[in-house]
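Please describe this protein model for someone who has not seen it before.

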Amino acid sequence: MTTVLPPAWRRPLARLRPAATRAGIATDAVREATRPWVGAVTPLGWTALGGGMTALVLGYRQGWVELKVIGIAALLTLLLALAWTLGRASYDATISLDRERVTPGDTAYGSVTVRNRAGRMVLPARMELPVGGGVAAFDLPALSPDASDDVLFSVPTTRRCVIEIGPVRSVRGDPIGLLRRTRDWAGAITLYVHPRTVPIDASTVGYLKDIEGVTTHDLSSSDVAFHALRDYVTGDSLRSIHWRTTARVGRLMVRQFEESRRSHLLLALSLREADYADADEFEVAVSAVASMAVQAIREERQVSLVTSRGRVRFATGAALLDHLAGVQASSRGGTLRDLATSAVTLVPNASMAAIVTGSVPPPRELRAAHLTLPAPLAAFAVRSVAGGTCTRRAISTLTVIDVPTLADLPKAVRSIR
């Protein structure tokens with residue numbers, strides 16, 4: 001039901017709308033102007049402000065001198081903290097690393113350069129550099145105009161991860177911690193801690209050295225792998241005519257070939273947390289995928305990676321390792337059968353597939369995943385088995401290798417031949 005206003009009300013309401021709009025704009029402007037200062041008040045500062053105001057009100061209402069003194073002291077302390085944090089500085093800050101890609105156990109060294117770009121001397125300041133989940137703090141000395149100061153730092157690594165370093169920020173605050181003003185002066189940079197890799201014999205299954213690639217049963221009129229001769233039909237290329245046979249049988253005969261494809265390794269990595277007994281098994285699985293992929297790329301073979309989250313796109317080996325540095329197991333995700341189905345759907349032209357998982361999935365789950373793969377696709381499974389032994393066994397027609405540690409991977413893969 002629509003309410004119709006009386007004509008006498010419409011004109012006053014129409015005049016109020018622009019005023020309300022201007023009031024809303026003014027309110028937003030005030031909110032934006034006060035946001036930096038409101039955000040600078042720490043929880044301790046809000047406690048002091050609220051406690052001081054409450055003490056003053058109760059003190060004047062109840063006539064308690066002690067509460068008046070407490071309230072005035074709290075508010076004066078806040079005013080002193082405000083005066084302590086006043087001031088403005090202008091810096092140029094840059095972060096640099098000696099290398100942006102390391103492996104677990106390596107130490108990355110870097111430096112922070114801060115330059116005073118103001119036209120006057122700036123007083124000493126407190127600077128902070130976030131490194132991953134922690135924060136490194138350092139004191140910046142007084143700097144004259146255009147002067148700079150360098151601070152060296154190191155980032156030790158113990159496990160595969162992606163570490164965000166920065167941005168560099170200046171901190172102004174009082175000694176008590178009532179107010180804290182921060183400002184960022186440089187963008188963040190990323191340190192990749194790649195998974196460990198080991199070299200694998202390039203002559204093992206999956207790293208084929210033939211010039212023809214892997215032949216299929218799809219017939220073609222032009223390729224490398226010769227199949228048979230057949231009668232000429234309209235549309236065939238004249239270059240495919242086999243003239244010697246044509247002269248002998250008295251009719252045009254053309255060569256027919258089997259389509260071939262390059263050696264293409266498909267790696268399917270399970271990210272389901274339930275497939276792994278512990279975190280160490282998952283790390284070995286990720287390192288196994290990285291090792292096989294790097295070896296395939298080194299041998300100029302085509303390689304694709306599909307995880308429980310989908311296909312991983314990469315142009316170089318470094319880009320692949322960058323992605324694997326941040327891969328984490330998740331409680332969500334389908335079974336190995338779902339992973340294998342997704343892998344062959346996303347990468348239908350692979351010639352070799354490796355399903356990489358942990359020690360938890362039973363043999364029937366590996367078998368079910370293998371049955372989803374097309375028959376021409378050669379496949380094997382790599383199980384990361386912490387505390388186990390390096391073994392090779394067969395589950396029906398699927399070859400399964402157990403890899404306790406990354407060092408066992410080359411020997412285990414060689415056993416597939």
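## Confidence

Over residues 205-227 of this predicted model, pLDDT (the predictor's confidence in each residue, from 0 to 100) stays under 50. The model has 65 contacts (heavy atoms within 4.5 Å) beyond four places in sequence for this stretch. Where pLDDT is low, the predicted coordinates should not be read in detail. The protein chain averages a pLDDT of 82, and 83% of the residues score at least 70.

Residues are numbered from 1 along each chain as its sequence is written, and side-chain values use heavy atoms, with hydrogens and water left out. Local features need pLDDT of at least 70 and side-chain atom pairs count only at pLDDT 80 or more, while totals for chains, interfaces and linings use all residues.

## Overall make-up

The protein chain has 9 helices and 20 strands; these are DSSP runs numbered from the N terminus, helices being H or I with at least four residues and strands E with at least two. Of its 417 residues, 41% are buried, that is, under 20% relative accessible area with a 1.4 Å probe, protein chains only. Among contacts between residues at least 6 apart in sequence, 69% join residues at least 24 apart.

An open sheet is formed by 7 strands in the order 16-15-14-17-18-20-19, with mixed pairing; two strands pair if DSSP finds at least two bridges between them. Strand 16 (310-312) and strand 19 (391-395) are at the edges with a single partner strand each, so one side of each has no neighbour in the sheet. From one strand to the next, the twist averages 25°.

Strand 17 and strand 18 are paired in the parallel sense over 7 bridges. Helix 5 packs on the sheet and touches strand 14, strand 15, strand 17, strand 18 and strand 20. The direction of helix 5 makes about 165° with that of strand 14, where axes are lines fitted to C-alpha atoms, for helices over the stretch in contact, and angles run from 0 to 180 degrees between N-to-C directions.

## Nonpolar cores

A nonpolar core is a set of buried Ala, Val, Leu, Ile, Met, Phe, Trp, Tyr and Cys residues joined through side-chain atoms within 4.5 Å. The largest one has 37 residues, and Leu267, Leu269, Met292, Leu324 and Leu409 touch the most other members. Its largest share, 11 residues, comes from helix 5. Beyond four places in sequence, the contacts of Leu267 include Val289, Met292 and Ala354.

A second, separate core has 28 residues, among them Leu97, Val114, Phe153 and Val168.

Key: Buried means under 20% relative accessible area, exposed over 50%, partly exposed in between (1.4 Å probe, protein chains only).
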